[in-house]
Amino acid sequence: MSCYIASNNNRFYAALEEAYGATPIIGPENRFPGVKLSIKQEFEKPLRRDKTGTRTFLGLPQSLRRYTEFELRTYMTGLDPQSLETGYSALFKAALGGETLHYAGGTAGAGSGGRTLVFSQTHGLEPGQAVTFGGEIRFVQAVVDDNTVLLNAAFTLTPSEGSPIGPAITYFPGSTLKSASIFDYWSPEEAVQRILCGAGIDKLDLRVNGDYHEFRFRGAAMDLIDNCSFVEGQGQLNEFPAEPAAGGYNYSLIPGHLGQAWLGTLSEQFFTVTDARVTLDNNLELRAKEFGSALPRCLVAGRRTVTVDLSLYGRAEASSQALYKAARERSPIEVMLQLGQQTGQLCGVYLKSVIPEVPQFDDSETRLQWHFQGCRAQGAGDDEMVVAFG
């Protein structure tokens, strides 16, 4: 019998729901290395105005409305070589809400050069979709023909004829959001085990140049279920599910300084970035105020807001000057961040049109830094941001 529960005896799983609040079945493949999960559930406390004849509070009725919020942090890890999925893939699908496109890989043909990538066969790619080569990830800016695409930036090494073009999985934003269930298991087995059902992702943060590459998800859930107070029907479950067998869970972490940054009206690689953050805000609301239910009924996504914060050393070179000029003229630029530098450990974030804000000059250190804060991404319709792994 243990005196305390160690905070590292904690395991996280996530999976998409078929219907809002319907807790799915999970397996070992749904596990991911969470850093921290904070959950706050509050009950509505309406003011009692009845005259009770006493100054004593007589309590509130049962079955009050419940509101559940959460924040989850996880490290970026290596991918499953077959599916390119990870346990937190469901959270990205829930955050963006759009379709998920898999590219199985192909072979380079003759004639590739610069941003032009030629395939030896029909590629089947769509604008915004990602490909990988030589430990780098790039996004299709335009489809030239069935065998040729224009990339957002050139690969460091030009693929020669016969070179393998690696697979990638790309998550697109959508007009509606999906819900997920997040499982919070502890040791020993007698400890309180929890499930967030009907979890909707309101905000997604991708941060670079920390100790490790890290993703943060924040949102609201339909309900918090636990094995101590479980009642049949919660989360559309007959019984509280047991944790899947561990199955030799292993993963690799990616140091936060590994990656690339491509910026500008014509993307150029910047080596002076000291900090970067991409934030997706879904302006999420829950149908939680309707008559006849103590729990929310569904997710309602508002106007999507995607912003970029960048810090980099100011330099006198032409690319830095062009970036500053674009901010002054409010000219759109492309932003692409590559996290990692090894095949199977790559994440790419591509924003095709970002209006940069005029940078703040920070001269508090020995070298001048520029801070671009709150630069907003725009698009033509559900295309201002894509996230890919490869």
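1. Asp 383 counts as partly exposed, because its relative accessibility is 21% and buried means under 20%. The model is predicted, and a residue this close to a cut-off should be read with that in mind. Asp 383 forms a salt bridge with Lys 352, with 2.6 Å between the closest N and O atoms. The pair links distant parts of the chain, as Lys 352 is in strand S24 and Asp 383 in the loop between S26 and S27, 31 residues apart. Lys 352 is also partly exposed, at 36% relative accessibility.

2. A second salt bridge joins Glu 357 to Arg 330, the closest N and O atoms being 3.6 Å apart. This pair too links distant parts of the chain: Glu 357 is in the loop between strand S24 (347-355) and strand S25 (360-362), Arg 330 in the loop between H2 and S23, and 27 residues separate them. Glu 357 counts as partly exposed at 30% relative accessibility, and Arg 330 counts as partly exposed at 48%. Arg 330 also has a backbone feature to check: this residue follows H2 and has a positive phi, near 55°.

3. The salt-bridge count comes to 21. Side chains of opposite charge can pair when their charged atoms come close. One of the bridges is between Asp 50 and Arg 48, where the closest N and O atoms are 2.5 Å apart. Asp 50 has a relative accessible area of 41% and is partly exposed; Arg 48, with 34%, is partly exposed as well. Elsewhere, a network of salt bridges links Glu 44, Arg 65 and Lys 289.

4. The buried residues of H2 are Ser 319, Ser 320, Leu 323, Ala 326 and Ala 327. Viewed down the axis of H2, these residues fall within an arc of 120°, so they line one face of the helix. Ala 318, Lys 325 and Arg 328, on the other side of H2, are exposed.

5. Which strands are included in what covers the buried residues of H2? The cover includes strand S17 (259-264), strand S18 (268-270), strand S22 (305-313), strand S23 (333-339) and strand S26 (369-377).

6. The whole structure holds 22 aromatic pairs. Phe 133 and Phe 155 form one that is edge-to-face, at 5.5 Å centre to centre with 70° between the planes. Phe 133 is in strand S8 (residues 130-133) and Phe 155 in the loop between strand S10 (148-151) and strand S11 (164-165), so the pair ties together parts 22 residues apart in sequence. Phe 133 and Phe 155 are both buried.

7. Phe 215 and Phe 389 make another edge-to-face pair, because their ring centres are 6.2 Å apart and their planes stand at 90°. Planes over 60 degrees apart count as edge-to-face, and centres must lie within 6.5 Å for a pair. Since Phe 215 lies in strand S15 (residues 214-221) and Phe 389 in strand S27 (residues 386-389), the pair ties together parts that are 174 residues apart in sequence. Phe 215 is buried, with a relative accessible area of 0%, and Phe 389 counts as buried at 2%. Both residues belong to a cluster that ring pairs build from Tyr 88, Phe 92, Tyr 171, Phe 215, Phe 217 and Phe 389.

8. A charge also sits over a ring: Arg 367 lies over the face of Tyr 313, 4.3 Å from the ring centre.

9. Most residues other than glycine have a negative phi, and most peptide bonds are trans. The peptide bond from Ser 187 to Pro 188 is cis, with omega near 5°. Pro 188 is in the loop between strand S13 (180-186) and strand S14 (194-208).

10. Two Asn residues have a positive phi without being glycine: Asn 209 at about 70° and Asn 283 at about 45°. Asn 209 is in the loop between S14 and S15 and counts as partly exposed, at 38% relative accessibility. Asn 283 is in the loop between strand S19 (273-281) and strand S20 (284-286) and is partly exposed, with a relative accessible area of 36%.

How values were computed: Residues are numbered from 1 along each chain as its sequence is written. This is a predicted model: local features need pLDDT of at least 70, side-chain atom pairs count only at pLDDT 80 or more; totals for chains, interfaces and linings use all residues. Side-chain values use heavy atoms; hydrogens and water are left out. Buried means under 20% relative accessible area, exposed over 50%, partly exposed in between (1.4 Å probe, protein chains only). Helices (H or I, at least four residues) and strands (E, at least two) are DSSP runs, numbered from the N terminus. The arc is that of the directions from the helix axis to the C-beta atoms. Contact means heavy atoms within 4.5 Å. Rings of Phe, Tyr and Trp (its six-membered ring) pair if their centres lie within 6.5 Å; planes under 30 degrees apart count as stacked, over 60 as edge-to-face and the rest as tilted. A charge sits over a ring if NZ of Lys or CZ of Arg is within 6 Å of the ring centre and within 35 degrees of the ring normal. A salt bridge is a side-chain nitrogen of Lys or Arg within 4 Å of a carboxyl oxygen of Asp or Glu.
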